[in-house]
Amino acid sequence: MFSNLQDKLDRAFKVLKGQGNITEINVAETMKEIRKALLDADVNYKTAKTFTDDVKQKALGENVLSSISPGQLLTKIMNDELTSLMGGEVNELDLSKNPTVILIAGLNGAGKTTFTGKLASFLKDKKGKKPLLVAGDVYRPAAIDQLEVLGSQVGVPVYTDRNSTDPIAIAKAGVEEGKRSGHNVIIVDTAGRLAIDEALMNEITAVKDATQPHEILFVVDAMTGQDAVNTAKAFNDRLDFTGVVLTKLDGDTRGGAALSIKSVVNKPIKFIGTGEKMEALDVFYPDRMASRILGMGDVVSLVERAQQQFDEKQAAELQKKIRKNKFDFNDFRSQIQQIKKMGNMKDLIGMIPGAGKALKDVEIEDDAFKPIEAIIDSMTPFERENPDAIDQRRRGRIAKGSGTNLDEVNKLLKQFMDMRKVMKQMSNPAMAAKMMRNMPKMPGKPF
């Protein structure tokens with residue numbers, strides 16, 4: 001996510017790295033590089049210029065403490081300004097009305113229907129709501145089928161009327177049905193349309209008037225950059241939407257839409273899509289995104305994702321097994337499955353401070369766990385429960401059964417045994433404290 005922008009900002013900061021103090025000359029040079037990085041990221045020109053002017057003014061107005069380098073100071077100012085640029089504070093959905101009607105709008109191919117399914121899952125599982133989906137896209141072939149499949153996946157009913165080709169009547173009837181059947185959130189999916197198509201824009205305006213939604217979410221593909229911002233402006237002029245959803249953010253290496261859209265349309269980004277799975281939807285936190293853009297990670301989001309996947313009771317039982325040195329390959333496989341549910345690996349690594357930069361040239365595939373899972377699946381139930389019993393003969397059979405080789409099996413078993421040993425030591429507070437004391441001091445410089 002935003003890897004190109006991160007690299008360019010990193011290079012821009014190098015102008016100040018090692019400088020003893022902030023001067024108008026070195027700040028101006030740094031700002032020039034940062035403005036260039038933002039424009040390369042497809043950020044709106046006016047937004048980029050205003051942003052760098054604000055950062056420069058604040059940087060020159062700051063006194064650099066002896067314990068802070070100019071680079072550190074500029075990072076702090078950049079972090080604050082990026083957070084402000086993207087909205088400042090988190091802006092969640094207003095779900096106070098019963099029922100709350102949410103209208104979904106956007107371009108063809110932006111991912112509206114998929115987002116609609118994700119939003120229903122989010123509201124049901126994390127907000128305790130009882131949503132109803134309304135299939136209002138009568139133009140795209142199989143759009144209704146897709147929404148029904150997604151609704152089935154997340155356990156949310158879908159209102160459809162396959163005999164009607166009137167999206168206004170369908171939306172209105174869907175809202176009435178939601179009220180009758182006691183749903184407290186009604187999400188209306190609509191057809192994709194172009195801002196230049198006057199007839200379709202008039203139609204969605206009529207859908208809005210018929211349903212009187214409390215929230216109107218404009219869904220846009222983050223990878224379209226500045227085009228996304230221009231389109232958002234055109235839609236906002238007609239619909240006055242309440243928030244933006246950026247989809248496909250996990251594939252966006254530039255970041256132009258995320259950085260420009262709030263300043264251009266003055267509407268908050270409410271959600272971001274970070275993958276194709278139904279769980280791959282996050283509330284947008286401007287401060288967390290700013291930290292990630294600057295390569296400082298996002299530990300809070302990482303912990304939240306982990307908490308969503310890891311059961312406290314299971315964790316307590318696992319802790320007991322670790323203390324008794326009974327952690328086995330069934331437990332290991334279960335942990336892998338839970339990690340995979342947290343999101344794609346590149347996204348997760350980007351949340352760890354410094355890891356994104358350290359591993360930027362390393363190819364990290366989402367199927368990196370496949371060979372490990374194949375080896376574990378090739379073991380017998382007895383072998384998975386008793387890793388110590390896996391002798392050379394068994395290792396050879398496991399290698400053949402998993403489509404790997406003996407070296408890979410041996411390597412996994414060694415890593416597993418080493419990991420199990422460390423986990424047992426770390427589960428003992430006294431031993432953990434001793435290990436921490438014995439760890440060598442890592443050399444490093446402040447940024």
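These legends accompany close-up views of a predicted model. Local features need pLDDT of at least 70 and side-chain atom pairs count only at pLDDT 80 or more, while totals for chains, interfaces and linings use all residues. Residues are numbered from 1 along each chain as its sequence is written, and side-chain values use heavy atoms, with hydrogens and water left out.

**View A. The buried residues of helix 17.** Down the axis of helix 17, the buried residues fall within an arc of 160° (taken from the directions from the helix axis to the C-beta atoms), so they line one face of the helix.

**View B. The aromatic pair of F218 and F235.** Rings of Phe, Tyr and Trp (its six-membered ring) pair if their centres lie within 6.5 Å; planes under 30 degrees apart are stacked, over 60 edge-to-face and the rest tilted. By this rule there are eight aromatic pairs. F218 and F235 form a tilted one, 4.8 Å centre to centre with 40° between the planes. F218 counts as buried at 1% relative accessibility, and F235 at 0%.

**View C. The aromatic pair of F332 and F416.** This tilted pair has 5.8 Å between centres and 55° between planes. Ring pairs also link F327, F329, F332 and F416 into a cluster.

Methods
Buried means under 20% relative accessible area, exposed over 50%, partly exposed in between (1.4 Å probe, protein chains only). Helices (H or I, at least four residues) and strands (E, at least two) are DSSP runs, numbered from the N terminus.
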